[in-house]
Structure formats: structure tokens, C-alpha cells
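Here is a short briefing for a reader who is meeting this structure for the first time. The points that follow are grouped by topic and can be read beside the sequence and the model.

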Amino acid sequence: MKRRLFAGMMPKVAAIMLASAGLSAAQARDLVVAQGIDVPGFDIHNHSTTAVEAIFVNIFDYLVMRDGKGDLQPALATSWEQVSDTAMRFKLREGVLFHNGKELKAEDVKFSIERPALDKNVMQNSFYNTIKEVEIVNDREVIIHTKGPDPILLNRLSRIGSGIVPKHYVDEVGWNGFATRPIGSGPFKFVEWKRDDRVVMEAFDKHWRGRPVWDKLIHRTIPEDSTRVGELLSGGVDIATNIPSQDVERVNSSGKAVTKPWQSFRVMTLFANMKEGSPLADPRVREAVDLAIDEKALIDTAMSGLGVPVRGSVAPGLSAVPMDLHNTYLYDPDRAVKLLTDAGYGPGQLSIKLQGPSGRYALDVEMMEVIAVMLEAVGIKVEIEALEWSAYQSRIWEPNKIEGLALIGHSNSLQDGFHAVQRARCGYEFSKKTGWCDKRFDELVNQSAVTVDPKKRDEYLSEAFHRLTDSRSILFLFQVQNIIGINRAVAWDPSPDEQLWMFDAKPASN
Amino acid sequence: MINYVIWRILQMIPILLGVTLIVFVLLRVSGDPVLLMLGEDAQPEQIEALRLALGLNKPLYQQYLMYMADLLTGDFGNSLRYNGQPALQVVLERLPATASLAATGLLFAVVISLPAGIVAALKQHRMADHIASSFSILGQAMPNFWLGIMLILIFAVTLGWFPVSGSDKPLSVVLPGLTLGSGLAAMLTRMLRSSLLEVMQQDYIRTARAKGLSQSTIIVRHALRNAALSYLTVIGLEASALMAGAVVTEQVFAWPGIGLLAIQAINSRDMAVVQTIVILSSVIVMSMNLIVDILYSVVDPRIQHG
């Protein structure tokens with residue numbers, strides 16, 4: 001009997017041992033992620049960089065979060081409903097703990113959301129100032145009141161600066177203290193930050209989604225691209241962002257890591273100075289420039305094939321954008337020559353300055369060189385001016401500083417069509433740069449900002465997008481595609497919102 | 001001697017004033033930190049508010065006077081990039097990393113150049129000399145950037161002997177140290193070779209030989225000691241340059257020292273941090289120069305400072 005019992009137990013014991021061996025094998029590893037930049041500290045409302053939020057997302061939780069496809073999913077909020085045009089009710093998840101063991105309650109949500117909404121001195125204020133108040137219904141329920149109808153409130157609550165922090169802790173240590181020793185309720189808790197070197201996080205056992213499979217998550221700052229690739233190939237890091245296109249083959253043939261395309265919402269554009277006196281004030285000249293640039297060839301030559309041609313700030317995963325402007329471009333050099341002739345410019349008679357940054361975007365100078373060749377092919381003389389980023393940015397920010405064409409890439413942290421075009425309204429940043437002002441466009445964009453009905457909103461924004469594209473005040477080139485390198489021992493798929501959400505990363509099964 | 005040291009320290013003050021003025025003006029005319037901080041989504045009113053908060057709307061001379069007044073009270077300003085943390089603290093916490101890297105670079109330079117320089121001088125125009133001289137030319141010609149990447153490729157990625165980057169493992173310092181020290185090693189080898197060759201022609205060396213002293217005694221006790229002056233000068237001056245100029249090496253190896261901080265601070269126009277680094281570097285360079293001058297009189301009693 002004893003013997004039979006023992007024999008019966010053996011497979012179970014073996015199974016438990018094997019299971020625990022498998023578990024420990026899975027957990028015995030640290031996950032190391034490398035990017036080119038460091039965090040500025042952990043004051044979540046005082047930064048403006050997607051790549052920084054990509055680290056924060058592992059420490060802090062949000063009311064709603066995007067999944068791998070870019071769709072909004074419940075997170076700290078289990079459900080939400082629009083109670084009026086200007087109010088949305090959120091039910092909060094029960095039993096969520098901060099890393100110090102305190103329970104997350106409605107007062108933490110109020111505290112975290114109202115700071116960027118009401119404090120004009122924090123960097124994220126402009127994205128949250130549509131919010132008037134966060135009303136606490138009870139510990140598990142809040143109502144967010146907005147100043148007017150806000151169709152993209154959920155977009156705001158799932159992006160940079162919408163992490164929920166513990167009020168009691170910030171009250172105790174202040175934001176300066178919080179900036180160096182943060183506490184959140186995310187799957188990893190903060191351990192150490194060594195500036196320009198690493199942020200060390202460890203698994204939070206009591207996270208509401210369950211414990212992450214990694215013991216430690218280490219984010220390393222490695223500014224040099226080739227060094228980041230070297231670390232990936234030597235196994236020093238498991239995931240490395242922004243792999244240069246020339247290293248893709250080397251990484252994939254190493255047998256140690258693979259590269260995956262990493263869609264970005266960034267769209268590269270040329271801003272045209274169409275103010276009085278500029279040759280680009282003539283719509284025929286702008287059209288000629290548009291038709292002279294072969295976006296597909298530009299992507300294939302300068303960008304090693306990484307990118308998708310577009311005719312507007314559109315990308316899959318963005319809401320309320322007309323996707324007929326995606327994966328399309330116009331190229332007709334013969335018509336470009338004719339348009340220039342009609343505008344009074346024979347071959348070589350038109351000179352345009354092409355300004356751009358050097359080293360801000362991947363292969364930016366190469367991009368400008370290819371564009372210059374294309375424009376010269378239709379008889380436009382091009383003078384390239386490539387400047388270091390801060391000098392360039394200072395130059396193009398001021399009105400009237402864009403002399404001819406300026407290379408600019410814009411991302412879309414709100415992941416919505418409104419944000420892509422709102423700055424082209426009269427008097428706003430894009431309009432100041434180009435000199436383009438269209439009352440109908442302004443009406444459409446303003447309507448979209450307060451229209452809650454998604455269908456109507458899509459219609460307004462679609463017309464606005466097409467008016468902007470047709471104006472050619474901004475010439476849209478292509479949607480940027482980055483490359484991320486991943487160790488073969490790690491199973492993880494990058495998401496289109498550029499967040500490095502490592503709770504989903506698992507040890508590869510093979 | 002003490003008067004001389006005090007005089008030299010007093011001389012540093014106008015130099016430091018000049019340095020602060022130049023770096024202050026250059027930083028402010030070359031780019032706008034507010035736009036970089038707020039990013040491309042910034043609203044015009046936010047930009048104005050931040051400019052006002054940072055005092056950037058005031059005339060340049062007023063900004064400078066305010067900065068100098070703060071500096072005299074030991075306030076180096078706050079880092080823009082690091083959410084307003086004190087710039088001096090941000091810079092000083094990087095000093096140990098850069099100091100250890102510079103020390104390793106210096107050690108490599110001395111360990112390589114001392115035997116190489118001696119051998120090259122003793123075996124003049126022979127194979128050993130040609131090899132040492134070729135390597136020293138190569139060492140000076142190779143940019144640190146390229147050498148660093150090559151060392152990473154060979155010794156870290158392919159052979160796996162050393163970590164690729166970072167500073168957390170004991171062996172992490174080897175490749176960046178070698179990269180940083182290579183140029184100096186080359187320079188010191190050539191310097192030592194030519195000094196030794198010159199010294200070896202002197203009468204007292206012939207006398208020493210005539211006395212029947214062994215070759216090693218002649219070199220160590222007579223030749224090397226006399227050739228050491230220029231060698232020490234270069235080490236002294238270059239040690240401070242290593243400290244202040246590890247920019248490229250730190251960037252390549254993601255070594256979290258002052259050089260990497262400097263690049264990041266310049267790129268983000270983190271003015272207080274850049275100013276603090278420049279002031280600190282100037283003090284280091286001037287102090288090292290002073291120490292070298294004092295050491296002269298120790299090595300060569302004929303030199304007197306008074």
C-alpha cells in the first residue's frame with residue numbers, strides 16, 4: 001500500500017519538480033531593454049517624449065491602455081460610460097495596490113489627472129486642459145468633467161502623463177522626491193536609477209494582472225546605435241530599439257536576435273513657405289514639387305525600404321484619419337516640368353532652399369539629398385541647409401524663418417486625427433510656419449473637437465485632411481518605420497504606440 | 001614657492017570669468033532649450049510661460065549677471081533636462097565614473113608607452129623600433145570613435161571577453177580605457193623615444209658607460225630620469241585632457257561619465273549643466289597644469305618657482 005502510494009505520487013512530484021524547474025528557468029532571467037535616451041526623472045507630467053513614457057508604462061498604470069493592436073482596453077478602469085456631453089464615469093478596479101502596499105483609490109485618480117489638467121506649469125498641461133474636474137463619487141468611481149464635449153478623452157487618458165500615482169506618497173515626498181523615487185501600481189516597481197546608464201525595476205508580486213515572468217526589468221541608456229547593436233548581438237541586452245537599417249542583415253543572420261519592423265505614427269513632411277514673395281506661394285510650384293518627388297524611390301533609396309508613402313498625417317492605429325491618404329503618392333515629373341513652365345520657371349531658373357536637421361530623424365540628411373536630386377531632375381535648383389537639431393528647431397519655430405522647404409517629422413501622441421491637423425489652423429504653429437490659412441478647414445477641425453458622434457467626426461476630419469493635403473502647404477512624404485531588435489530567447493511583439501510594455505514579453509518557448 | 005602657487009591660483013579667476021562668459025553667450029545664441037524641452041507638441045503659450053519661468057526673456061547681460069551672482073553663492077543653477085535637479089549634483093555624481101575611466105586610460109598609456117618607448121629608442125632603426133613607431137603613428141591616427149567600435153566588435157561581440165558597454169561589471173572599464181588611452185600611449189611612446197635618443201647622446205651617458213655600468217642601470221638611473229621631464233609634462237597635461245575630453249569614448253561605450261553628460265546636455269541645451277561641466281573642466285585643466293609645474297621642480301631641481 002505504502003509502495004503503491006509512493007509510486008502513485010512519483011509522477012506528481014516529478015511533474016511539480018519539472019514545473020517549478022520550468023518556472024524558475026523562466027524567472028531566472030532579467031530582461032534588459034536598451035534605448036538611446038535616458039529618462040529625465042519620474043515626474044510623469046513633466047516630459048514630452050514617447051520613448052520615456054515607453055519606460056514609465058511598466059511602472060505606472062493608466063485608467064485605459066492600448067493593446068498590441070492599438071485598441072483601448074480596460075486597465076485601472078474596468079468600465080466607463082458617457083453620462084453627458086461633458087462628463088464620463090469610470091468604475092475603478094478593486095484591490096489594486098501601489099508598490100508600497102497601499103490601495104489605489106479614487107482620490108489618487110483625481111490627484112493624478114487634475115495636476116496636468118489644472119497646473120499650467122507642467123509640460124503636459126496642453127493635452128489635459130480640456131478637463132475641468134475629476135469628481136470622486138466613491139472610492140471606486142470617478143466622473144471626469146470636461147469644459148466642453150471631448151471626443152478624445154480616452155485618447156488623453158491612455159498616453160503620456162496619464163499614469164496614476166499615489167497621492168499620499170507625493171504629499172509626503174513632493175514631486176521632486178517622487179522624480180527620483182517613484183511609486184506606481186504597474187507590473188514592475190522602481191529599484192534604482194543611474195543617470196544616463198540604467199533604470200532598474202523588479203517584478204511587483206502583487207500586481208493585479210499577476211506577477212511578470214521576469215525578476216528584473218532593466219532599461220539601459222545606450223546612445224550609440226552601433227553599440228546598441230553590439231549589446232544585442234553579444235546578449236548584453238534582450239531588446240534594442242532603433243536598429244540602423246544597415247545592421248538589419250547582420251542582426252538577422254547572427255542567430256542570436258531578430259529584427260522586427262516597429263511602426264511609428266511619425267510622418268515626414270516638407271513644410272512650404274508660401275508667404276508673399278516666396279516662389280512657393282504659387283500653387284503650381286508647390287504642386288510641381290509634390291509631383292517631382294517619388295516617395296517610393298525616396299523610401300527605397302534613403303530609407304532602405306523602411307516607410308510607407310502617405311499624402312497626409314495618417315497611419316494605421318490612429319483614430320479618425322482618412323486612410324485613403326495612406327500608402328499612396330503622386331509622382332509625375334513631366335507634369336511637374338509643365339507646371340513650372342506655366343509658372344514662369346524654365347530649367348534651372350527656380351532656386352529653393354531645403355532646410356532640415358542633421359541627426360534628428362533617421363537618415364535625415366540622406367533624405368534631403370535624395371529629394372534635392374529629384375527636384376533638380378525637373379529643373380529646380382536646390383540648396384540644402386542641414387543644421388544641428390536645436391539650432392534648426394530654433395530657426396524654423398519663429399515665423400518667416402522657413403525660407404523654402406523645411407523637413408519636419410511629426411508624431412501623434414494623442415493617436416487621433418484631430419491632433420494631426422489642429423495645428424494647421426490659422427494662427428497655430430503649422431499655419432505660422434507655412435502661411436497657409438483656410439477658414440473652412442478651421443471650421444471643420446473646430447467642429448471635430450467638440451463632436452462626440454464618431455461618424456460625423458470622421459467626416460469633418462476627412463474633409464479637413466483632404467483640404468490640407470490639397471493646399472500643399474505641407475507636402476507629406478512617408479510614414480516612418482523603425483526597427484527593433486529582439487533576442488531570440490524573448491517572445492515579444494512591438495505595438496504601434498511605441499510603448500515598451502514588457503509585461504507581455506515572455507521567454508521564447510523554443 | 002607658496003607665493004608662486006597663490007599667484008597662479010589668483011590667475012585662474014579672470015580665466016574662469018572669461019570661460020563662464022564665453023560658454024554662457026555661446027549656449028544662448030546657438031539654440032533654444034525651451035523648444036527642446038517642450039517637444040514638438042508645445043503650445044505657444046506654454047513656450048512663453050517656460051521662457052518667463054527660466055528668465056530667458058530678460059536681456060542677455062542681465063541673465064549673465066544673475067547667473068554670476070548665483071555662482072558666487074555656490075548655486076550652479078538647475079538642470080533643465082533632469083527636471084530641475086541641481087546642476088552641480090548632476091555633474092559631480094558623474095565625476096567618479098570619468099575619473100576611473102581616465103585613470104584606466106592613463107594606466108594603459110603608461111604601461112604601453114614605457115616599454116615601447118624604451119625599446120624603440122634602444123633599438124633605433126631596427127625592427128622593434130619600426131614596429132613601435134608604426135603602432136604609435138597608428139594609435140594617433142585612429143579616431144577614438146572608430147577604435148572603440150572595432151574593439152567592441154572584436155573583443156566584446158565576437159570573442160565575448162569583455163562587456164560591450166556600460167560600467168556595471170569589473171571588466172567594463174577595459175575597452176573604453178584602452179580606447180581612451182590609445183592616443184596618449186602613441187604620443188607618449190614617440191615622446192619617450194625621441195627624449196631618450198637625445199639623452200643617450202649626452203656626455204654623462206658615455207661616462208656612465210665608461211664606468212662600466214650595466215645597460216639597465218644606465219637607462220633607469222641616468223637616461224630615463226632625464227628623459228622623464230617631457231614625458232611627465234605630457235602625462236600631466238593629457239591627464240586633464242582625458243578627464244575633460246572622454247566625450248567620444250563615453251558616448252561609444254555608454255559610459256555614464258561627464259563626457260556623455262556633456263553631449264546629452266549640449267544636445268538638449270541644458271545650459272546650467274553645460275556651464276558647470278565647462279567650469280569644472282577648466283578648473284581641472286588649470287589645476288593639473290599647476291601640479292605639473294610644481295612637479296617640474298621636484299623632478300628637475302634646476303627649475304625653481306619663486
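In this predicted model, helix α11 of chain A has A:D334 and A:D342 exposed on one side, while the buried residues of the helix, which spans residues 333-342, are A:A336, A:V337, A:L339 and A:L340. Seen down the axis of α11(A), these buried residues fall within an arc of 165 degrees, so they line one face of the helix.

**Around helix α11 of chain A**

- The elements that cover the buried residues of α11(A) include α9 (283-292) and β14 (350-358) of chain A.
- After α11(A) comes A:G344, a residue with a positive phi near 95 degrees.

**Strand β12 of chain A and its partners**

- Strand β12 of chain A covers residues 257-272, and because 12 of its 16 residues are buried, the strand is largely enclosed by the rest of the structure.
- With strand β17 (residues 474-487) of chain A, β12(A) runs antiparallel and is joined by 12 bridges; within this pairing, A:V258 has A:I486 of β17(A) as its bridge partner.
- Strand β16 (residues 405-410) of chain A also runs antiparallel to β12(A), and six bridges join the two; here the bridge partner of A:F271 is A:A406 of β16(A).

**Two residues with positive phi that are not glycine**

- Most residues other than glycine have a negative phi.
- A:Q415, although not a glycine, has a positive phi of about 55 degrees, and its place is in the loop between β16 and α14 (417-421) of chain A.
- B:A254 is buried because 26 other C-beta atoms lie within 10 Å.

**Where chain B touches chain A**

- On the side of chain B, 36 residues are in contact with 36 residues of chain A.
- The elements of chain B that give two or more residues to this side are α2 (33-38), α3 (44-54), α8 (144-158), α12 (247-252) and α13 (258-267), and of these α8(B) gives the most, with five residues.
- By residue type, the side of chain B that touches chain A divides into 18 nonpolar, 13 polar and five charged residues.

**Chain A as a whole**

- The secondary structure of chain A comes to 17 helices and 19 strands.
- The radius of gyration of chain A is 26 Å, close to the 24 Å that the globule rule gives for 510 residues, so chain A is as compact as a globular protein of that length.
- Along its principal axes, the C-alpha trace of chain A spans about 100 × 55 × 40 Å.
- Of the 510 residues in chain A, 50% are buried.
- Among the contacts in chain A between residues at least 6 apart in sequence, 68% join residues that are at least 24 apart.

**Confidence of the prediction**

- The model scores ipTM 0.81 and pTM 0.84.
- For chain B the average pLDDT is 86, and 97% of the residues score at least 70.

Terms used
Residues numbered from 1 in each chain as written. Chains lettered and ligands numbered in written order. Predicted model: local features only at pLDDT ≥ 70, side-chain atom pairs only at ≥ 80, totals over all residues. Buried ≥ 20, exposed ≤ 12 C-beta atoms within 10 Å, placed from the backbone. Helix = DSSP H or I, 4+ residues; strand = E, 2+ residues; numbered from the N terminus. Pairing = 2+ DSSP bridges. Contact = placed C-beta atoms within 7 Å. Nonpolar A, V, L, I, M, F, W, Y, C, P; charged D, E, K, R; others polar. pLDDT = per-residue confidence, 0-100. Arc of directions from axis to C-beta. Rg over C-alpha atoms; globule rule 2.2 N^0.38 Å.
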